[in-house]
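Hi,

Here is the model I mentioned, a predicted one.

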Amino acid sequence: MSILREIKIIKNKNFYYNNLYYDYIFNFSKLKDHFFYDYNNLSGFFKHAEYICSNYSNKIRLEIADALIDYNKYCKCSNETLKNLEDFKNGCLVVTGGQQPSIFTGPVFIIYKIISTIKLSYELSELLKIKVIPVFWNASDDSNILSINKAYFIEKNELKKIEFKGIDEKRFSDIFLEYSYLISKIEEMLSILDGSRYTEEIKNFFNELSNNFKKNNLKN
């Protein structure tokens, strides 16, 4: 039984990148000799958790924890995030996911990926009887600008595109966007979404981000 439950299965091979990925999902027995554990077998999770707890360097754990705490404090994270990181520092396990940053989070599958990472951490906490926290890696060392410089929205059955132009081909973490330019793109998006039942909530969200940004820059 897979620990990921209530997921609709898509078996059309066109949905998968290659045969290796397809076999990993549906024919794991063909690949099992190349992996330490079978993710379809719950006993594999216990074995892997035991291995991590027995072999992972506590020195490395403390260094990573301190780095994550500093970074997340800088990003004005929630108290819940800091609590999770303290638990990690004290020995809890982690489910890691990741994605390169994209405009307005990027395709919806990225949001599904984040939700899946969080959900799996909760399920493993229940299964293993030890706290497991989700960590989502922001792959800002990527540099494929064409994969992130645009976003698409549907307005009255018409596809609309918002594009960030004039961005050099370099690491995402080295890209600087002028505040006024970023706000103009947010307003462009909100104009497309105007009339949606979520528009007001989205506006409030961006207003809160904008206010926090201004406060942080005034302090610095």
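On the α3 side of the α3–α4 contact you'll find R61, L62, I64, A65, D66, L68, I69, N72 and K73, and they meet T81, L82, L85, E86, F88 and K89 of α4. Sorted by class, that contact has eight nonpolar, two polar and five charged residues. The helices themselves cover residues 58-74 (α3) and 79-89 (α4), and they pack at an angle of about 170° with 9 Å between their axes. Angles over 145 degrees count as roughly antiparallel, so that is how α3 and α4 run relative to each other.

Next, α6. Which of its residues are buried? They are K185, I186, M189, L190, I192 and L193. Looking down the axis of α6, these buried residues fall within an arc of 155°, so they line one face of the helix. The face turned away from that buried side carries S180 and E187, both exposed. After α6 comes G195, with a positive phi near 100°.

Y51 is partly exposed, at 47% relative accessible area. Leaving aside residues up to four places away in sequence, Y51 touches Y37 and Y56. F172 sits 121 residues from Y51 along the chain, and their C-alpha atoms are separated by 35 Å.

Cheers

Note on methods:
Residues are numbered from 1 along each chain as its sequence is written. This is a predicted model: local features need pLDDT of at least 70, side-chain atom pairs count only at pLDDT 80 or more; totals for chains, interfaces and linings use all residues. Side-chain values use heavy atoms; hydrogens and water are left out. Buried means under 20% relative accessible area, exposed over 50%, partly exposed in between (1.4 Å probe, protein chains only). Helices (H or I, at least four residues) and strands (E, at least two) are DSSP runs, numbered from the N terminus. The arc is that of the directions from the helix axis to the C-beta atoms. Axes are lines fitted to C-alpha atoms, for helices over the stretch in contact, and angles run from 0 to 180 degrees between N-to-C directions. Angles under 35 degrees count as roughly parallel, over 145 as roughly antiparallel, 65 to 115 as roughly perpendicular and the rest as oblique. Contact means heavy atoms within 4.5 Å. Ala, Val, Leu, Ile, Met, Phe, Trp, Tyr, Cys and Pro count as nonpolar, Asp, Glu, Lys and Arg as charged, and the others, Gly among them, as polar.
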